[in-house]
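Subject: Structure handover

Hello,

Here is the structure I promised to pass on. Please open it next to this email and follow along as you read.

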Amino acid sequence: MTRRFSLALALALSIAVPAGAEPATDAGAQKLIEAFTTYLGAYAGMVTVTPQGDTYEVKIDPTDLMAGLKAQGASGTVLPVVLMLADMGDGKWKVTQDGPFAIAMQMPGLISFDLKAANQSWSGVYDESLKAFESSKGEVTGLTMSEHVTQPGEPEMNVAYSIDKVTLESSSTAAASGGVDSAITYGISGLNETFTVPASPQMPTPMDITIQVESYVSDATVAAMRSSEVLDLWAWFVAHPDKAAVEADFDAMKDKLRAALPLFDAVTSTGTMTNLTGTTPFGALSAEAADITIEMNGVTADGRLREKIALTGLKLPTEVMPIWVPALLPDAMTLDFTVDSFNLAAPAQILLDTMKPGEKPSPEVNAQLMQAFMPDGLVHLTLAPTGISSAMYNLSVESDLRAGPALPVPVGTAFVKITGLDAVMTALQSAPPEVSQQAIPGMMMARGLAKNDGPDSYSWQIEMAEGGNISVNGMDMSAMGGAQ
């Protein structure tokens, strides 16, 4: 439901209506009603538009829509959304909002949630030619949400969170290749979340876990978003609100999907969380910062996904750990991986060509989809410098691998480097014999295969060839295994 009111969540600071705005008229109000109805549905009285001088007051009140949930044994309420629109000419509209927001839904035996914002203050310029906001800026304050999941036969799940402030600023321009290029800056401050881990045979008492984040700031870009085609697809589904209507016009739906692909060319997002803290039954944990990067292509032939998270100033709960463990804990962690060389465009077209109402893909079609997804029978996996570190040691791993049905085992290279290995083995001498007598001999064996890069610094260059042959620093490990 909240996605239908994305305008109300676009969040930008309220700006005065520009001079020279076109006068509001009854005819203009009717056109706006028709436009909103296209994307929200033709529910009686849901959208009203009132001319007010140079602006139109648009009120979206989904009370009747929510009342329809009673037939499914559910209920819900939504605070009406009020927008002020001013026609700037040349197909551009100034859109503003200033007020609270609230939505609540209850589906007995399944889920209930309550989302509220004390106030949203935002403004944006919507460009009809882009089918997107060419600019927007604003904030929401006092955001809270509670959710309760009570699925039959499952323990109840409870989640509650609050955010002091959310800010958003965006800009969009026409992309050279079609669609819309957008840049978005997003921030939050004062996040608090509490969720309950339900009881289980292994853990008879439910546990509450609390997470707090002082702030998070993220910059994102979207390349060539097919905003017009995606809105057309959305409008099609609004005009076909049930399964029977969709199946009766199934080919038209597939045409709309084809036109919307690849949805976008690429999305990138980089952000930093500061001062994360968590409270668990096992103790407190925290991190000074978490840097997060996500990159992904759309439904394209050059499929690609990258994710990176880097934690610094990490402190893990030590209250219930054996006395020898805390000295070995890392205070920084990084995971940075990329998967590419897969194809999303070809299987999407196969699915659109073969899908029929009410039918699942046949085994033959599933085989075609897998072949189209990995035309060479493999994907490319890259691990950028990844690892853990502390004042005692620094362990990093890099790899470049290819894996998939075409290869019985992955092939490629990996590079492992550690400083402080001798110090770690010394620290492990304080561990119980059942731990130290297993860990230390294995480390000594690995050290024997390593290249010595300096005092207490070792590295391993690993080569994995087709056929399963593995070499470490030039030594053929398969030959060593045969000799044994």
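This is a predicted model, and the mean pLDDT of the chain is 90. Of its residues, 94% reach 70 or more. Residues 1-20 need care: the pLDDT there is below 50. Beyond near neighbours in sequence, that stretch still has 62 contacts in the model. Where pLDDT is low, the predicted coordinates should not be read in detail.

**The whole chain**

The chain has 484 residues, and 35% of them count as buried. It holds 10 helices and 21 strands. Along its principal axes, the C-alpha trace spans about 90 × 50 × 50 Å. Now take the contacts between residues at least 6 apart in sequence: 61% of these join residues at least 24 apart.

The chain exposes about 25500 Å². Carbon and sulfur atoms supply 60% of that area. As for charge, there are 26 positive and 55 negative charges. Their mean positions are 2 Å apart.

Start at arginine 226. It sits in the loop between strand S10 (207-225) and helix H3 (227-239). Is arginine 226 buried or exposed? Its relative accessibility is 14%, under the 20% cut-off, so arginine 226 counts as buried.

What does the side chain of arginine 226 make a polar contact with? The partner is the side chain of aspartate 265, at 3.0 Å. Leaving aside neighbours within four places in sequence, arginine 226 is also in contact with Gly178 and Gly179. The rest of its list runs Ala260, Leu261, Pro262, Leu263, Phe264 and Asp265.

The peptide bond from leucine 261 to proline 262 is cis, with omega near 10°.

**Two positive phi values**

Most residues other than glycine have a negative phi, and most peptide bonds are trans. Asparagine 275 has a positive phi, near 50°. It lies in strand S11. At 36% relative accessibility, asparagine 275 counts as partly exposed.

Serine 341 also has a positive phi, near 65°. Find serine 341 in strand S14 (residues 332-342). Its relative accessibility is 37%, so serine 341 counts as partly exposed.

Which residues of helix H6 (residues 345-354) are buried? They are Pro347, Ala348, Ile350 and Leu352. The cover over these buried residues includes H5 and H7.

Helix H7 covers residues 363-373, and glutamine 368 is in it. Glutamine 368 has 40% relative accessibility, so it counts as partly exposed.

**Valine 197**

Valine 197 is in strand S9 (residues 180-197). With 25% relative accessibility, valine 197 counts as partly exposed. Asparagine 158 is 39 residues away from valine 197 in sequence. In space the two are 8.2 Å apart, C-alpha to C-alpha.

Last, go to serine 471. It lies in strand S20 (residues 470-472). Why does serine 471 count as buried? Its relative accessibility is 17%, and buried means under 20%.

Met477 belongs to helix H10 (residues 477-483). At 25% relative accessibility, methionine 477 counts as partly exposed. Beyond residues up to four places away in sequence, methionine 477 touches Leu449, Ile470, Ser471 and Val472. Isoleucine 462 lies 15 residues from methionine 477 along the chain. Their C-alpha atoms are separated by 10.0 Å.

Best wishes

Notes: Residues are numbered from 1 along each chain as its sequence is written. This is a predicted model: local features need pLDDT of at least 70, side-chain atom pairs count only at pLDDT 80 or more; totals for chains, interfaces and linings use all residues. Side-chain values use heavy atoms; hydrogens and water are left out. pLDDT is the predictor's confidence in each residue, from 0 to 100. Contact means heavy atoms within 4.5 Å. Helices (H or I, at least four residues) and strands (E, at least two) are DSSP runs, numbered from the N terminus. Buried means under 20% relative accessible area, exposed over 50%, partly exposed in between (1.4 Å probe, protein chains only). A polar contact is a pair of N or O atoms within 3.5 Å; within protein, one must be able to donate a hydrogen and the other to accept it, and residues adjacent in sequence count only if both atoms are side-chain atoms. Accessible areas come from the Shrake-Rupley method with a 1.4 Å probe; for residues, only the protein chains shown count as cover. Lys and Arg count as positive and Asp and Glu as negative; His and the chain ends are not counted. The place of a charge is taken as NZ of Lys, CZ of Arg, CG of Asp or CD of Glu.
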